[in-house]
Amino acid sequence: MRTLIRLTAAFVFLLGTFFGANAQTIAAKADQYLSVWAKQGRFSGTVLLAKNGKILLRKSYGMANYELGVPNTPETVYRIGSITKSFTALAILQLEERGLLSVNDPVAKFVPEVPADWSAITIHLLLCHKSGIPDWMNAKAYQDFNDPMHIENALKEYAATPLLSKPGEVLRYSNSGYVLLGRVIEKVSGKSYEEYLNEAIFLPAGMNHTAVDHTADLVPHRANGYRWDGETIINAPNGDPDHPYSAGALRSTVNDLYRFDRALKEGKLFSKTITSKAWTAYGHWVAPPPFPMEADYGYGWMIGEEFGHRYVGHGGWVNGFVSQFNRYPDDDATLILLWNFETSNNIFVSQDLAAILFGQKYELPVLRPIVHPSQQTLARYVGNYQVGPLAVKFTLRKGRLYAMGTGQPAPYGLIAISDNEFYCNDMPSIIRFIPGEKGSVDKASIKLGEKEFEVTRVPSDKPGE
């Protein structure tokens, strides 16, 4: 018996040593990877990696405020954009469990102002983005946040606008649908969206730094949001955080999101019935080209696999901020990435950090030299290029070359590494213009991750272009 006890103790010690060494390796590799990004000025934010209930890496890079020279820290508060949707969906399911609503109820039961043609739209269809409703957040009435009925008035403004698809037919990502869910929460609970989330989720989970982000609030450690304009850092437009409401208005920290992860792991806040519903796939979502991302969609959560490991999570993108919150339930692993820069690179950085977390292949970013071609050289590349559904327009403004591709939220400023090769701080891509036999440029090669596309110049219908 004593021999067995000694062998067991030795095994436990060796196992602990192995996991300890492995944790150190993961932390060192992730820090090395992110440090290269930060050295190039291409990453500013905070990351948290955890496994088996232990935080492997919690570290910040870059600045929370570039004007004042204030660095990011693990306590920095970031806007988390559409990660908000995960909280909205769980709140709806809490109310259903209390018998106050059913996901099969028509939305009109709680928000009678919805247009008559939307009568078949249920809460379920809003939760999984299959309602087919148009983006009514563009309505003039919706912009008046001083009007407590601005949502209802916006719906009336859109009364004659047809649905984009038959309810239940197509998964079309919809912020407007999640705004309606926020109004349902308020009507059913008798509390504001903010009050309900604070009382039912944030306070019980110990998330003391998570809230709806109001511009007027004085928030200690709150980061500013930024964008790149080619090589230059600029302030992102300071859009009112109230605008995305229950679709994307929350702020948080990596520490608070990890507390939320632990609460989910321990089953403190939500029953298995709730999480099972939230993490059931009701459709498949594919990002627009050229973004290499797709996942199943549940109720406010994306569901998929990375390197053979199942995850549930969500990302966010909102004025000057991007974010990713991924949970790997079978591995008890967590990846939280919060940036105070708008950039599509968050997709690729998150995937590389997941590769590091699970011991898979990844590549360190390359530190590239920067050159400045002549205006005459840059002007040769201006025009429209296309291959299949991928279209790219190159323009020249203020002496800088910009690219606007299919699915991009805004033009990306290009940075030259030679007279005909460029990269940008918004995507991990290399663009190479290909001169023809007579010196004209009619083709360009775009390498995005491991994929490479060759786009061809499309003749302009307008003289002089």
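## Ser-131, tucked inside

Ser-131 counts as buried because its relative accessibility is 2% (buried means under 20% relative accessible area, exposed over 50%, and partly exposed in between, using a 1.4 Å probe and protein chains only). You'll find Ser-131 in the loop between helix 3 (123–127) and helix 4 (150–157); helices here are DSSP runs of H or I with at least four residues, strands are E runs of at least two, and both are numbered from the N terminus.

What does the side chain of Ser-131 reach at 3.3 Å? That's the backbone nitrogen of Ile-133. Leaving out residues up to four places away in sequence, Ser-131 also touches Ile-121, Leu-125, Leu-126, Leu-163, Ser-165 and Pro-167 (contact means heavy atoms within 4.5 Å).

## About the model

This is a predicted model, where local features need pLDDT of at least 70 and side-chain atom pairs count only at pLDDT 80 or more, while totals for chains, interfaces and linings use all residues. Residues are numbered from 1 along each chain as its sequence is written, and side-chain values use heavy atoms, leaving out hydrogens and water.

## The nonpolar cores

A nonpolar core is a set of buried Ala, Val, Leu, Ile, Met, Phe, Trp, Tyr and Cys residues joined through side-chain atoms within 4.5 Å. The largest one has 110 residues, and Leu-180 is among those with the most contacts inside it. Beyond four places in sequence, the contacts of Leu-180 include Val-107, Trp-118 and Trp-136. Apart from this core lies another of 23 residues, including Ile-347 and Tyr-412.

Strand 7 (residues 226–229) pairs with strand 8 (residues 232–235) in the antiparallel sense, over four bridges (pairing takes at least two bridges found by DSSP). Arg-227 stands opposite Ile-234 in strand 8. Two residues sit between the strands of this hairpin, and Gly-230 takes a positive phi near 70°.

Terms used. Polar contact = N/O pair within 3.5 Å; in protein donor to acceptor, adjacent residues only side chain to side chain.
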